[in-house]
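My entries follow in the order in which I looked things up.

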Amino acid sequence: MVQNRRLRLLSYVVIFYMLLACAWWSVLLFTKNRDAFAAKRDKLRILMIADGAVNDDQAFFQSAPYIDLEKHYKQQEWMIMGEALVFIIILVIGIWLINRGYNKEVNSALQRRNFLLSITHELKSPLASIHLVLETLQKRQLKKELVERLTRNGLIETERLNMLVNDLLLSARFETAYQPNMEPLNLADLLATIVERQQYKHPKATISWIYDDSLSPIIKGDQNGLTSVANNLIENAVKYGTENPTIDVHMKAKNGKVLITVADDGIGISDRDKSKIFEKFYRVGNEDTRKTKGTGLGLYIVAEIVKAHKGQITVADNKPRGTVFKIILPAPGVKAAQQASVLAS
């Protein structure tokens with residue numbers, strides 16, 4: 001980090017020197033051009049007076065040879081100023097590109113550092129919990145209720161570890177060529193099952209499932225991918241929610257599209273971070289001060305899967321507090337199912 005700062009300082013010194021050199025040579029060329037013009041003007045005036053072409057300075061300044069000479073050197077002055085201006089513009093663009101590249105590199109290095117810190121914690125925590133559960137069950141004779149509670153905690157930590165591994169594998173696939181396995185899918189049933197599992201996993205949360213339409217359209221989608229989308233959004237809502245969070249999962253199907261919303265009552269997302277939260281490894285704050293769990297992959301995976309389904313995802317503020325994620329997916333079967341329902345009625 002110190003070496004990078006030194007290199008950046010050195011680059012600023014070089015850029016500052018180049019600006020000074022540009023200004024110096026521009027002034028020098030401008031002055032030399034003026035001196036050359038003055039010398040040729042005086043020589044031309046002497047020659048024209050000696051030849052009797054002009055009688056005084058006024059006639060000389062109105063003569064065609066002088067006007068042509070003045071025009072020629074004026075053009076050279078504009079050329080000098082234009083070249084200096086182009087050089088400065090190119091230099092400014094270069095400075096901007098260098099700064100942007102440097103900032104991207106610094107942010108990327110910081111994100112990688114944060115990711116390594118978070119992934120270490122995310123892997124060690126469930127493994128330690130599972131190890132403790134198994135060790136306790138092995139060494140002690142426990143009541144049935146306590147065994148069930150420990151088993152439940154172990155299953156939750158195993159599921160958490162499984163989700164983390166799946167997220168890592170998915171993010172790696174996005175780097176190469178991710179192709180969703182499109183198949184006929186009842187999205188309403190899938191989301192209802194996911195909400196039920198998440199409610200079991202987070203008993204303190206209130207997760208409601210609302211589906212406005214009586215139809216259950218069959219769409220084409222990747223079941224594993226869309227499961228990951230729903231799980232990540234609900235986990236995110238729980239993670240950044242209140243102590244007893246309220247989460248609404250809502251789905252509407254109309255005119256060949258499906259709208260899925262996941263709304264929470266948590267801390268919300270600032271306007272500055274809304275444009276960045278779908279970037280890989282991006283998390284608000286840093287791993288040294290952040291208390292919430294996570295790797296910065298969840299929303300990145302959500303955005304990539306939605307994009308692979310030719311859908312759109314947006315984020316907005318909830319009222320009076322919290323965040324709302326909206327996903328729009330193409331579902332041609334919705335329109336056909338609605339028309340069939342109308343004809344049947």
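The entries below go from the whole chain to its strands, its cores and its spaces.

**Entry 1: ground rules.** I am working with a predicted model, in which local features need pLDDT of at least 70, side-chain atom pairs count only at pLDDT 80 or more, and totals for chains, interfaces and linings use all residues. Residues are numbered from 1 along each chain as its sequence is written, and side-chain values use heavy atoms, with hydrogens and water left out.

**Entry 2: the chain as a whole.** I found nine helices and seven strands in the protein chain, where helices (H or I, at least four residues) and strands (E, at least two) are DSSP runs numbered from the N terminus. Of its 345 residues, 36% count as buried; here buried means under 20% relative accessible area, exposed over 50%, and partly exposed in between, with a 1.4 Å probe and protein chains only. I also looked up contacts, meaning heavy atoms within 4.5 Å, and noted that residues 24 or more positions apart account for 71% of the contacts with a separation of 6 or more.

**Entry 3: strand pairing.** Two strands are taken to pair if DSSP finds at least two bridges between them. Strand 5 and strand 7 pair in the antiparallel sense over seven bridges, and in this pairing V262 stands opposite F325 of strand 7. Strand 6 and strand 7 are antiparallel as well, with six bridges, and T314 stands opposite K326 in strand 7. I noted that strand 6 and strand 7 form a hairpin with five residues between them, and that G322 in the turn has a positive phi of about 110 degrees.

Strand 1 (residues 183-186) is joined to strand 3 by four bridges, the two running antiparallel, and P184 stands opposite K220 in strand 3. In a regular strand the side chains alternate between the two faces of the sheet.

**Entry 4: nonpolar cores.** I took a nonpolar core to be a set of buried Ala, Val, Leu, Ile, Met, Phe, Trp, Tyr and Cys residues joined through side-chain atoms within 4.5 Å. The largest one has 46 residues, and L187 and F325 have the most contacts inside it. Among the elements that each supply at least two residues of this core are helix 4 (144-175), helix 8 (298-308) and strand 6 (312-317). Leaving aside neighbours within four places in sequence, I found F325 in contact with residues including L233, I260, V262, I277, L299 and I313. A second, separate core of seven residues includes F37, M48, F60 and Y73.

**Entry 5: helix 8.** Why is helix 8 described as largely enclosed by the rest of the structure? Eight of its eleven residues are buried, so helix 8 is largely enclosed; among these buried residues are L299, Y300, I301 and V302. Just after helix 8, K310 takes a positive phi of about 60 degrees.

**Entry 6: L123.** This residue lies in helix 3 (residues 64-139) and counts as partly exposed because its relative accessibility is 31%. L123 and L161 are 38 residues apart in sequence and 7.0 Å apart in space, C-alpha to C-alpha. With neighbours within four places in sequence left aside, L123 is in contact with L161 and L164.

**Entry 7: spaces.** I used a 1 Å grid over the protein atoms alone, on which a cavity is a set of points where a 1.4 Å probe fits but cannot get out, a pocket is an open set with protein on both sides within 12 Å along at least five of seven lines, and lining residues have an atom within 4 Å of a point. Points are joined across faces, edges and corners, and a volume is the space filled by probe spheres set on them.

The count comes to one cavity of 30 Å³ or more, and about 110 Å³ of space lies in the largest cavity. Of the 15 residues that line the largest cavity, the closest to its centre are L191, L226, V229, A230 and I260. Helix 6 gives the most to this lining, with five residues. The lining divides into 15 nonpolar, no polar and no charged residues, with Ala, Val, Leu, Ile, Met, Phe, Trp, Tyr, Cys and Pro counted as nonpolar, Asp, Glu, Lys and Arg as charged, and the others, Gly among them, as polar.

The second largest pocket has a volume of about 670 Å³. Of the 28 residues that line this pocket, the closest to its centre are E159, M163, R197, T227 and N231. Helix 4 supplies the largest share of the pocket lining, eleven residues, and the lining as a whole divides into nine nonpolar, twelve polar and seven charged residues.
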